[in-house]
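Open the model in your viewer and get ready to click around. We'll go from stop to stop, selecting a few residues each time.

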Amino acid sequence: MWCYSCQCKNNTSFYCETSREAVATAVQRVAGMLQRSDQLDKVEQYRRREARKKASVEARLKAAIQSQLDGVRTGLTQLHSALLDVKDIQSSLADVSKDWRQSINTIENLKDVKDAVVQHSQLAAAVENLKNIFSVPEIVGETQQLIEQAELLQAHRKLMELECSRDDLMYEQYRMDSKNTSDMNLISIYFEDVQGLSDELAKQLWMVLQRSMVTVRRDPTMLVSVVRIIEREEKIDRRMVDRKKQTGFIPPGRPKKWKEKMFEVLEGTVSTRIEGTQAVTREADKMWLVRLLEITRKYVLDDLIVVKNLMVQCFPPHYNTFNRFFRLYHNAVSTRVKELTSEDLEANEIVSLLTWVLNTYKSVEMMGHPELCSECDIHQLEPLLPREVVDDLLSKYVKTFTSNITGWLRKALETDKKDWQKETEPEADQDGYYQTTLPAIVFQMFEQNLQVAAQIDGDFKEKVLKLCLKQMNTFLIRYREEAVSYKEEHLRDRQLPQCYVQYMIAIINNCQTFKESINSLKRKYSQSSGPTDSDAPIERTLNEVAKEGCQFLLDEVFLDLESHLNELLTRKWLTGSHAVDTICVTVEDYFNDFNKIKKPFNQEMTSEALRRVVVEYIKAVMQKRITFKNPDERKEGAERMMKEADQFKFLFRKLAGEDTDWLCGAITAIAEVFKLTDPTLLFLEVSTLVSKYPDIRYTHIQALLAVRGDASREMRQMIIGTLSENKVSHSGVTQSIFKDIAVPTIAMTTMTTMTSMATSKLLK
């Protein structure tokens, strides 16, 4: 294949390389087409196809080269035209420069003409305003009259005419000679009433705006006129400011900024509206703050509804009127509330204020009212009070509340103590249990304060509840001390107070009422189901008060039984005393009153009464008030003891409905020791007693044998020694009775001697 490009001397090597690559490619292509023998028949067909492709490629190349040549030719033509144009412009600039140099003197000679033109312009303005200039006093009077008649739009139109005349004259004077202050002052003096009219009109506008809430209801057109006047003045202000940027001149009193002043007046009006809600003071009405907050709520809500429904229509849409008023009222209320917090508020006033601020303000009763929600989002409002101010108020309330509740509880207890001295029985509840009014008074105070705290928020309610419980614990300690003092006072003269037993029962019942009331408060007001730090101390103190109260009542019973208990196991008792009959009657009589004690204290008290009766009975045995002289006395005494044990069983089963066999059985077991006729079996009987009541001590056994009266020294030594050798462990015994019974000193000394002797004998 021939390469025509090889004829180029400068690119010979490049084009030769290209030619060789083309030949190599062509050879590969021909080899690909003639790989089989049957393809040789198509050689002519392949040649014609390649010839057509070559002709097509050459045609496209010729077209592209021709197009480039045409473009180059056109560019050269345009460059030639541009060169001719530049030469023409250069020639014209030379002519202009020559003419300008020749006309400099001519321009200087036209200065007089320029001054004449300026003077002519001023005179033209003067002629144009001549009518207004001569009628200035008349227009001023008419404008003043229109202002007085509240024809504000017409008054403003005339005022604009006067200001326009003055401003045009002053502008022309400024253009002619800006440093000529005397002429400027002359114009200002001539138009000095115009500024007064402007100020007077502004006062009328501000008065209308200050009464906008009333005006928009009675005569909304008046408010619309005011807004139109202010909008006109705003346009004039903008025009004057723009002219000042161009010429440096601005008329006196401009810009008036009446729109800015309008918003200031509206803000002041809202603030005055909020500040004027306080109708009474604390001295005149204890509920002054509640009334103030309610009036504020009503005013704000009513005013904002008026703004939404009426006032918005009187202002241009771009004023965003409702949101603007919404923020104004919010800011005014916030300022007023902050002022209130700086006053020396009482505890109930702090709660009223915080409840209103934190809950009422954004509720449907005020800013969250359905008519207002569609126009604004109350969640975007900032808090009326900063968090630190709220925390300070809460701390102040807690401090005041703590002081107050301490005083209230002290007064309540003093009142209850006075009731304890009454000669009439305390009131009974619906179930017949004695009670005083103290629990109701205390928990009514707690309930009221918790209800108030709940109005603020849940965390504060929880805090007040814990504070109440803490104060309750302190109060109960004092309550316990007063109950002890009440008992001691009664012991000094058991005839007074007359209803000591009944009021002590009421004190015990109050403990159960306190427990129930505390649990009720926690269920109602606590968000946590877990115990508080005060729960355990309160429970412990209430149980102690109730237990001690029951003990005081039993002490009262046994003081009356003392003389009859002293008759037990004496010669008088053996010969036919009615001491136990009297004891049973007295106990039953007392327990008719003790039935007014609430559960579980009444059951515990009955059990304790039985225990004390049995203990006192066994004490009488241990004191060796009698020594049986013969078997008949032992038999008679034992049978009497068994009978009296049955009396106790019957009585306390009747009172408590519980099993009394174990305690009363101790008396019966001792009676069996006394009743035994064969002394040789005494050891077995004593062993049976010891097995039933493992807490019995050797001193008790020694006392029993001494009362029996027929046990020889050797027998006593043998019984004590054998029991000592086969000592029964009572470490796992849950019930005990003998451990509370002391043996007189003489008996203990004798027992010690006997035990020593028995031990020595056993060792030998």
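First, some ground rules. This is a predicted model, where local features need pLDDT of at least 70, side-chain atom pairs count only at pLDDT 80 or more, and totals for chains, interfaces and linings use all residues. Residues are numbered from 1 along each chain as its sequence is written, and side-chain values use heavy atoms, with hydrogens and water left out.

**Stop one: aromatic rings**

Searching the whole structure turns up 23 aromatic pairs; rings of Phe, Tyr and Trp (its six-membered ring) pair if their centres lie within 6.5 Å, with planes under 30 degrees apart called stacked, over 60 edge-to-face and the rest tilted. Select Trp420 and Tyr479: their ring centres are 6.3 Å apart and the planes meet at 55 degrees, so this pair is tilted. Trp420 sits in helix α16 (residues 387–420) and Tyr479 in helix α18 (residues 458–492), so the pair links distant parts of the chain, 59 residues apart. Helices here are DSSP runs (H or I, at least four residues), as strands are (E, at least two), numbered from the N terminus.

Buried means under 20% relative accessible area, exposed over 50%, and partly exposed in between (1.4 Å probe, protein chains only).

Jump to helix α22 (residues 579–594), which holds both Tyr590 and Phe594, four residues apart, about one turn of the helix. Tyr590 counts as buried at 12% relative accessibility, and so does Phe594 at 1%.

**Stop three: two helices crossing**

Show α26 (residues 682–692) and α27 (residues 698–708), whose axes come within 12 Å and cross at roughly 140 degrees. Axes are lines fitted to C-alpha atoms, for helices over the stretch in contact, and angles run from 0 to 180 degrees between N-to-C directions. The two are therefore oblique to each other (under 35 degrees is roughly parallel, over 145 roughly antiparallel, 65 to 115 roughly perpendicular and the rest oblique).

**Last stop: a loop**

Finish at Glu346, in the loop between α13 (321–341) and α14 (347–360). Glu346 is partly exposed, at 34% relative accessible area. Then select Arg47: Glu346 and Arg47 are 299 residues apart in sequence and 117 Å apart in space, C-alpha to C-alpha.
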